[in-house]
Amino acid sequence: SSSSSSSSARRPPAAAMDYNRSSFFGGHAPAAAANQAASAASRSVGPAGEDMSGYAWFRADVNRQMAHEILDDRPVGTFLVRPSSQPACLALSHKDEEYGVGHMLLRYHNTPTRRGYSRENEPDTYASVVDVLHSLPLRF
């Protein structure tokens, strides 16, 4: 778990990332077996029921180790969002200047007093994953 709970002290990344661009990873993607692809399609729905498949930065077919391999040689600021092994969570994997490749939980809350996503265990709640991403020191 090499992530930072305080993003306010970190500098913005050097590389600007466009989270809607189809060439987000420059055409690079690890080859997935047919059964992984079928499983990935079923996991393209976020914890709030939203369809994540339309976002180039969402990778249903990637686990933590694969994310590390994808991001290791990428510029600072590159990121992807993937399913988490924890219930009601997604994982943000990102290239960070200080930590290298880091991973952060994006928790979904659905209670009468709190509905939306939060970063790790922070108190701020965001309406969508996109809102969480915009709250981080990533350039779009």
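Modeller: Two strands pair if DSSP finds at least two bridges between them, and helices (H or I, at least four residues) and strands (E, at least two) are DSSP runs numbered from the N terminus. This is a predicted model, in which local features need pLDDT of at least 70 and side-chain atom pairs count only at pLDDT 80 or more, while totals for chains, interfaces and linings use all residues. Residues are numbered from 1 along each chain as its sequence is written, and side-chain values use heavy atoms, with hydrogens and water left out.

Biologist: In which sense do strand 2 and strand 3 pair, and over how many bridges?

Modeller: Strand 2 (residues 89–96) pairs with strand 3 in the antiparallel sense over eight bridges, and the two form a hairpin with three residues between them. Strand 3 is also joined to strand 4 (residues 115–119) by five bridges, again antiparallel, and here the bridge partner of Tyr108 is Tyr117 in strand 4.

Biologist: How many aromatic pairs are there?

Modeller: Rings of Phe, Tyr and Trp (its six-membered ring) pair if their centres lie within 6.5 Å, and planes under 30 degrees apart count as stacked, over 60 as edge-to-face and the rest as tilted. By this rule there are two aromatic pairs. Tyr55 and Trp57 are stacked, at 4.5 Å centre to centre and 20° between the planes, whereas Tyr108 and Tyr117 are tilted, at 5.1 Å and 55°.

Biologist: Is Trp57 buried or exposed?

Modeller: Buried means under 20% relative accessible area, exposed over 50%, and partly exposed in between (1.4 Å probe, protein chains only). Trp57 counts as buried because its relative accessibility is 0%, and Tyr55 counts as partly exposed because its value is 28%. Tyr108 and Tyr117 are both buried.
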